Amino acid sequence: MFNPSRDDVRRFFCEVWAKHGTGQLLTPLEATALRWIEQHPEYYALLEDQQRALAEEFTVERGATNPFLHLSMHLALAEQLSIDQPPGIRDAFAQLAARTGGEHPAAHEAMECLGEIVWRAQQSSLPADTAAINAAYLECLARRATR
C-alpha cells in the first residue's frame, strides 16, 4: 500500500506544480493532480514555496482550509470515478454534475460526502462493512444530486 506522510503529500503537489511550470513530462497521477491544481489558483503561491508548504499549519481554529487535503480529496474522487468504485459512483457523480452545473462544483459536493462518510466511519456510526459504507456514500451523493 502507498502510505505517504504529510510532508510526502505536500512535496508531491509542490513538485507537480514545479514540473508543470518548467514543462516537464508528468506521470498520469501527476497529470490528474495538475488538472485539479489548475482549478485552484488560490493555491498557486503556496505550491510555489515548498518550504512554506511543509511548515504551514491549517487548523480549524484558524479557519484555514488545508489545500493539500482538498487536492488529495480531488485525487481520491478522480480515482473512484476512473474505476467506478464504489460501483455506481460514476452515475451518481454525473447526476450531481448535472445539478451543480459542472464537474468542479460536483466534485466539491462529492468531497463533502466523502468527508462525511469517513468521519462517520471513524465515529463508528456506520457498520465496519464496506458495502454499508459504500451504500451510505452513494446515498449521500444521491441526496445532493436531488436538492
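Predicted model: local features only at pLDDT ≥ 70, side-chain atom pairs only at ≥ 80, totals over all residues.
Residues are numbered from 1 along each chain as its sequence is written, and side-chain values use heavy atoms, with hydrogens and water left out.

Stay with α8. Its buried residues are Asn-134, Ala-136, Tyr-137, Cys-140, Leu-141, Arg-144 and Ala-145. Buried means under 20% relative accessible area, exposed means over 50%, and partly exposed lies in between (1.4 Å probe, protein chains only). The buried residues of α8 pack against α5, α6 and α7. An α-helix has 3.6 residues a turn, so residues three or four places apart point the same way. Take Leu-141. Leaving aside its neighbours within four places in sequence, Leu-141 is in contact with Ile-89, Ala-92, Leu-96, Ala-110 and Cys-113. Contact means heavy atoms within 4.5 Å. Ala-135, also in helix α8, counts as partly exposed because its relative accessibility is 43%. Ala-135 and Tyr-44 are 91 residues apart in sequence and 36 Å apart in space, C-alpha to C-alpha.

Next comes α7. This helix has 20 residues and reaches 28 Å from its first C-alpha to its last, close to the 28 Å expected at 1.5 Å a residue. The buried residues of α7 are His-104, Ala-106, Ala-107, Glu-109, Ala-110, Met-111, Cys-113, Leu-114 and Ile-117. They pack against α2, α5, α6 and α8. After α7 comes Ser-124, whose phi is positive, near 65°.

How do α5 and α7 meet, and at roughly what angle do they cross? The axes of α5 (residues 67-83) and α7 (residues 103-122) come within 10 Å and cross at roughly 95°. The two helices are therefore roughly perpendicular to each other. Axes are lines fitted to C-alpha atoms, for helices over the stretch in contact, and angles run from 0 to 180 degrees between N-to-C directions. Angles of 65 to 115 degrees count as roughly perpendicular, under 35 as roughly parallel, over 145 as roughly antiparallel and the rest as oblique. On the α5 side, the contact uses His-70, Met-73, His-74, Ala-76, Leu-77 and Gln-80. On the α7 side, it uses His-104, Ala-107, His-108, Ala-110, Met-111, Leu-114 and Gly-115. These residues divide into seven nonpolar, six polar and no charged. Ala, Val, Leu, Ile, Met, Phe, Trp, Tyr, Cys and Pro count as nonpolar, Asp, Glu, Lys and Arg as charged, and the others, Gly among them, as polar.

His-70 sits in α5. With 14% relative accessibility, His-70 counts as buried. Beyond four places in sequence, His-70 is in contact with His-40, Tyr-43, His-108 and Met-111.

Now the core. In soluble globular proteins, nonpolar side chains tend to be buried together. The largest nonpolar core here has 38 residues. Such a core is a set of buried Ala, Val, Leu, Ile, Met, Phe, Trp, Tyr and Cys residues joined through side-chain atoms within 4.5 Å. Phe-13, Leu-47, Phe-68, Leu-77, Tyr-137 and Leu-141 touch the most other members. The elements giving two or more residues to this core are α1 (6-21), α2 (28-38), α3 (44-47), α5, α6 (89-100), α7 and α8 (130-145).

Helix α2 holds Ala-33, which is buried, with a relative accessible area of 1%. Not counting residues up to four places away in sequence, Ala-33 touches Phe-12, Phe-13, Val-16 and Leu-75.

The loops hold some backbone details. Most residues other than glycine have a negative phi, and most peptide bonds are trans. Asp-84, in the loop between α5 and α6, has a positive phi of about 50° although it is not a glycine. A cis peptide bond joins Gln-85 and Pro-86, with omega about 5°. Pro-86 is also in the loop between α5 and α6.

Finally, Glu-56 is in the loop between α4 (50-55) and α5. Glu-56 counts as buried, at 17% relative accessibility.

Definitions and conventions. Helix = DSSP H or I, 4+ residues; strand = E, 2+ residues; numbered from the N terminus. Expected span 1.5 Å × (residues − 1).
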